[in-house]
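Dear colleague,

I am handing over the structure that we spoke about, with my notes below it. Please open it first and keep it in view while you read.

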Amino acid sequence: MSPQPKIKLVYFNIEGRGEIIRLCFAHGKVPFEDKRLSGEEFGALKPSLPLGQVPVLHVDDTVYSQSMAMARYAASLSGIYPKDASKVLRVESVLGCYDEMVSAIVEILFLIPDEATKAAKTKEMAEKKTPLVLSYIQSLVIGKFVLGDEISIADIAILCVVDYYLLAIKGFDISKYPKIASVISNVKAEPSIAEYLSRKG
């Protein structure tokens, strides 16, 4: 068995793109350093980052970029990334939705300065894109979790996109998606996840 690598996640002190990675590590109780940057620290560090952005993941002597690659790595170490091809397809379909939704919501919340445009995009997100994507995700849930009784990174992605992104969108109502709400409750009830969330306060 290869030795446990030395892992350090570097991101801001927010959930954002980093929380799916933290939660995947937390579920498997994988040891890692959770370095949280201030804006000033990021400014000083930015020129040395592979793509000039965070999160980055230090694994031994190598620094990696791309948050979804980090999340899949964390899930693999924690035993919650599937090996069966059909399960991979189901999980990756959810992860694709997660990534698409996060990018769209970040654009609305932080990258559109014009208030009228922001309001129009928010309305479109709440009334069109969100129902379309979440209805599809609901169709993939086949039990307690996306894969039935087996938790995976897909379930953690669902928790993150709802709690840390969609709840910031005016007009979003989780009660319209009972299977997704149930998945989120079940993820939060997992002992290692519950322990991590309780430490956050």
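Serine 78 touches Cys24, Phe25, His27, Gly28 and Val30, when residues up to four places away in sequence are not counted. Please keep in mind throughout that this is a predicted model. Serine 78 itself lies in helix 3, which covers residues 67-78, and its side chain reaches the backbone nitrogen of glycine 28 at 3.4 Å. Is serine 78 buried or exposed? Its relative accessibility is 13%, and because buried means under 20%, serine 78 counts as buried.

Serine 192 has its place in helix 8, made up of residues 191-200, and it is in contact with Ala26, His27 and Lys29, once its neighbours within four places in sequence are left aside. The side chain of serine 192 reaches the backbone oxygen of histidine 27 at 3.0 Å. With a relative accessibility of 9%, serine 192 counts as buried. If you look for histidine 27 in the model, you will find it listed among the residues that serine 78 touches and also among those in contact with serine 192.

**How helix 8 meets helix 7**

Two packed helices are described by the angle between their axes and the distance between the axes. For helix 7 (residues 178-189) and helix 8, the angle is about 85° and the axes are 5 Å apart. Angles of 65 to 115 degrees count as roughly perpendicular, and therefore helix 7 and helix 8 are described as roughly perpendicular to each other. Where they meet, Val187, Lys188 and Ala189 come from helix 7, while Pro191, Ile193, Ala194 and Leu197 come from helix 8. The residues of this contact divide into six nonpolar, no polar and one charged.

**The strands**

Which strands pair with strand 3? Strand 1 (residues 7-12) is joined to strand 3 (residues 56-59) by four bridges, and these two strands run antiparallel. Strand 3 also pairs with strand 4 (residues 62-64), again in the antiparallel sense, over three bridges.

Technical notes:
Residues numbered from 1 in each chain as written. Predicted model: local features only at pLDDT ≥ 70, side-chain atom pairs only at ≥ 80, totals over all residues. Heavy atoms only, no water. Pairing = 2+ DSSP bridges. Buried < 20%, exposed > 50% of the residue type's maximum accessible area, 1.4 Å probe, protein only. Polar contact = N/O pair within 3.5 Å; in protein donor to acceptor, adjacent residues only side chain to side chain. Contact = heavy atoms within 4.5 Å. Axes fitted to C-alpha atoms, helices over the stretch in contact; angles between N-to-C directions. Parallel < 35°, antiparallel > 145°, perpendicular 65-115°, else oblique. Nonpolar A, V, L, I, M, F, W, Y, C, P; charged D, E, K, R; others polar.
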